[in-house]
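This report describes selected features of a predicted model. The sequence and structure come first, followed by the analysis.

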Amino acid sequence: MIELVGIRRSYALGGETIHALDGIDERIESGEHVAVMGPSGSGKSTLLNVIGCLDRPTAGSYRLDGREVAGLSDAELARIRRREIGHVFQAFHLVPRMSALENVELGMLFDSIPPRQRRERALAALASVGMGPRAGHRPGELSGGERQRAAIARAVVTRPRVLLADEPTGNLDQTSGRAVLELLDGLHAAGFTVVIVTHDPGVARRAQRVLLMRNGRIVRRMPASELRTLDEALAGAAP
Amino acid sequence: MRWSDALALAVRALSAHRRRTLLSLLGVSIGVAAVLVMTTLAAGARRYVADQFRTIGADVIAVVPGRVETSGTIPGVGSAPNDLTIADARALVRGVDCIARGTPLLIGNEALECGGRRRDVLVLGTSAEMLQLRGMRVATGRFLPESGWERGSAVIVLGSKLPPELFPGEDPLGRTVRLGGWRLRVIGTLAPRGTHLGVDLDECALIPVATAQAIFDTRTLFRVMLELRPGVRARAALDPIRAVLRERHGGEEDFTLITQDAILRSLDKILDMLSLALTAIASVSLVVAGFGVANVMLVAVSERTREIGLCKALGATDADVLAQFLLEASLLCLWGGLLGVGIGWSATAALSAAYPVLAAEPAPWAVGAALAVSLGTGIVAGTMPARRAMRLEPVTALAGRRT
């Protein structure tokens with residue numbers, strides 16, 4: 001379970017303070033599928049980075065499964081990223097000199113998992129996203145959809161509880177995007193807590209709940225089934 | 001992260017940029033090879049020079065006219081108020097119990113002529129004792145006569161290279177040669193002896209010391225060579241020798257006693273400095289190579305900023321990232337070191353073949369030190385880039401930014 005209370009994230013930029021997150025209070029239950037929407041610069045990715053322990057909040061409390069995360073050391077945060085959270089990025093972030101299999105294994109290296117176990121798990125993860133036959137190919141030899149599926153395999157291979165996806169279909173064509181979303185739906189069905197940042201109402205509607213953000217705040221929470229367009233949803237939000 | 005995994009990752013990262021890795025590696029290897037060749041050459045030179053001086057013999061003391069303090073170097077003829085004379089030499093042999101035998105020595109260059117042939121030779125004015133004292137062997141005829149040192153005679157013994165030049169195809173024994181206007185009869189030739197302290201004894205001509213004094217018109221000697229009785233240490237003989245000579249020179253110590261030990265000690269100091277200087281010069285290239293490696297690693301951190309961000313997002317700790325880049329830099333330098341040892345070994349083998357007198361193999365300690373220094377270079381050169389990588393924030397690094 002993710003609990004955010006009064007989360008702020010500010011940056012100093014050219015002598016000015018930017019409030020990327022300006023008091024976020026939210027609670028995401030285990031096994032929930034949540035989409036985060038909002039215009040560019042609204043703070044969606046920053047929120048995802050804070051939840052994913054890639055960024056530290058400037059103020060506020062973040063509890064992950066009841067444990068306060070905001071004050072943890074770098075090493076403890078690394079451990080959470082290693083074991084409890086899986087990341088899927090818009091830009092895939094696969095290491096070009098490694099095969100799909102080696103990319104999937106990469107996260108397990110930092111957990112000192114023995115090579116044979118690592119390989120078995122990585123092959124199983126790739127097979128689960130339909131990438132078994134492409135395991136030996138490097139990212140440059142894969143299509144966009146295949147890359148993102150390899151990245152999803154990498155995110156889930158460590159069996160985290162939370163899967164965070166930042167615009168996972170942003171760089172994909174419609175067909176590949178649909179395949180990736182079906183994968184994420186399947187992972188949610190398998191028990192993962194899934195949080196997706198997206199601009200696309202079609203993507204957001206696959207979630208259970210949608211959080212609408214503007215100027216670093218969550219301005220509206222709504223069931224995904226009620227979402228039609230972002231503008232319309234924002235029009236109905238609090239100022 | 002397991003070390004084997006970190007090592008495999010480092011090898012993969014370095015292999016991904018083969019040309020850049022090879023160039024950096026060559027820089028280090030040239031530095032290591034230079035250090036290895038220089039230290040090996042210095043060791044070869046040290047051994048050669050030490051061997052030369054060692055042939056003086058641990059049981060031999062040389063008495064030289066003049067004081068070391070006066071000129072700052074080993075003194076030569078004419079640098080002392082009192083000459084070192086044949087009588088001094090005689091007094092030492094007779095007056096110091098621990099001396100087994102001795103011989104006066106006067107050295108000069110003169111033209112040797114015979115039947116229209118002429119060549120310059122190094123002339124050693126000495127006595128019959130020189131044969132045993134310097135371990136020479138007579139090839140034909142006999143050595144210098146055992147008559148009194150003060151009495152000259154018109155005879156000459158030729159080094160092994162001279163007869164074929166002066167008397168090609170003929171027997172030189174009994175023939176007359178001219179040396180500085182003096183007519184001398186050849187009474188013997190020497191077996192080949194080789195070079196000693198830079199002097200090719202095979203090209204020398206030996207004559208009685210009194211004859212040499214007459215030819216070169218001098219009373220003083222170049223030195224007196226004294227051989228100690230078996231079991232006597234050179235240090236124990238110094239005081240009695242000093243006492244005899246001081247008494248003969250009116251209380252003045254205007255002479256220097258040279259022992260093999262003293263020469264080797266001085267030589268060691270000089271050669272130590274030489275080795276150090278050569279190694280320091282060669283090390284400059286290793287330092288430059290270190291800067292090259294640091295630069296390559298900085299470029300690697302810059303190019304792989306997103307990868308570093310990804311690794312952190314996947315759970316790599318700061319220590320993992322630091323170790324990874326340090327390992328890459330160290331591996332790069334270690335490979336360079338190994339290649340450098342190979343190059344250095346080949347170069348010293350080639351030099352040994354070309355100059356056998358300096359022949360030497362890289363010492364195991366030098367190889368170990370070269371590899372340790374190259375590894376150290378890698379760690380030092382890699383520290384700054386690795387720390388820069390370690391400090392990257394996951395979010396900024398994933399975005400390809402460093403701040």
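## A buried ion pair in chain A

A:E26 is buried, with a relative accessible area of 8%; buried means under 20% relative accessible area, exposed over 50%, and partly exposed in between (1.4 Å probe, protein chains only). A:E26 forms a salt bridge with A:R209, the closest N and O atoms being 3.0 Å apart. The term salt bridge denotes a side-chain nitrogen of Lys or Arg within 4 Å of a carboxyl oxygen of Asp or Glu. Because A:E26 lies in strand 2 (residues 16-28) of chain A and A:R209 in strand 9 of chain A, the pair ties together parts that are 183 residues apart in sequence. A:R209 also counts as buried, at 18% relative accessibility. Helices (H or I, at least four residues) and strands (E, at least two) are DSSP runs, numbered from the N terminus.

Residues are numbered from 1 along each chain as its sequence is written, and chains are lettered from A and ligands numbered from 1 in the order in which they are written. As the model is predicted, local features need pLDDT of at least 70 and side-chain atom pairs count only at pLDDT 80 or more, while totals for chains, interfaces and linings use all residues; side-chain values use heavy atoms, with hydrogens and water left out.

## Other salt bridges

Over all chains, the structure holds 40 salt bridges. Side chains of opposite charge can pair when their charged atoms come close. In chain A, one such pair is A:R82 with A:D111, whose closest N and O atoms are 3.3 Å apart. This pair links distant parts of the chain: A:R82 belongs to helix 2 (residues 74-83) of chain A, and A:D111 to the loop between helix 3 and helix 4 (115-128) of chain A, 29 residues apart. Both A:R82 and A:D111 are buried.

In chain B, B:E328 and B:R304 form a salt bridge with closest N and O atoms 2.8 Å apart. Here too the pair links distant parts of the chain, with B:E328 in helix 11 of chain B and B:R304 in the loop between helix 9 (260-303) and helix 10 (305-313) of chain B, 24 residues apart. B:E328 and B:R304 are both buried.

## A network involving both chains

A:E105, A:R118, A:R119, B:R2 and B:D5 are linked in a network of salt bridges. A:E105 is located in helix 3 (residues 100-109) of chain A and counts as buried at 5% relative accessibility. Not counting residues up to four places away in sequence, A:E105 touches A:R118, A:R119 and A:A122, where contact means heavy atoms within 4.5 Å.

## The open sheet of chain A

In chain A, six strands form an open sheet of mixed pairing, in the order 6-7-8-3-9-10. Strand 6 (85-88) and strand 10 (217-223) of chain A stand at the edges, each with a single partner strand, so one side of each is left without a neighbour in the sheet. Two strands pair if DSSP finds at least two bridges between them. Strand 9 (residues 209-214) and strand 10 of chain A pair in the antiparallel sense over six bridges. Within that pairing, A:V210 has A:M222 in strand 10 of chain A as its bridge partner. Helix 1 (residues 44-51) of chain A packs on the sheet, touching strand 3 (33-37), strand 6, strand 7 (162-166), strand 8 (193-197) and strand 9 of chain A, and its direction makes about 155° with that of strand 7 of chain A. For such angles, axes are lines fitted to C-alpha atoms, for helices over the stretch in contact, and angles run from 0 to 180 degrees between N-to-C directions.

Strand 8 of chain A is mostly covered, with five of its five residues buried. A:T193, A:V195 and A:V197 point one way from this strand, and A:V194 and A:I196 the other way. Strand 8 runs parallel to strand 3 of chain A, joined by four bridges, and pairs with strand 7 of chain A in the parallel sense over five bridges. A:V197 is the bridge partner of A:V36 and also of A:D166.

## A nonpolar patch on chain B

B:L22, B:L23, B:L26, B:I30, B:L339 and B:I343 form a nonpolar patch on the surface, with about 530 Å² of accessible area together. Patches are made of residues with over 30% relative accessible area and no salt bridge, like charges being joined within 9 Å and nonpolar side chains (Val, Leu, Ile, Met, Phe, Trp, Tyr) within 5 Å. Accessible areas come from the Shrake-Rupley method with a 1.4 Å probe; for residues, only the protein chains shown count as cover.

Helix 2 (18-54) and helix 11 (318-354) of chain B each supply at least two residues of the patch, and helix 2 of chain B gives the most, with four residues. B:L22 is placed in helix 2 of chain B and is partly exposed, with a relative accessible area of 49%.
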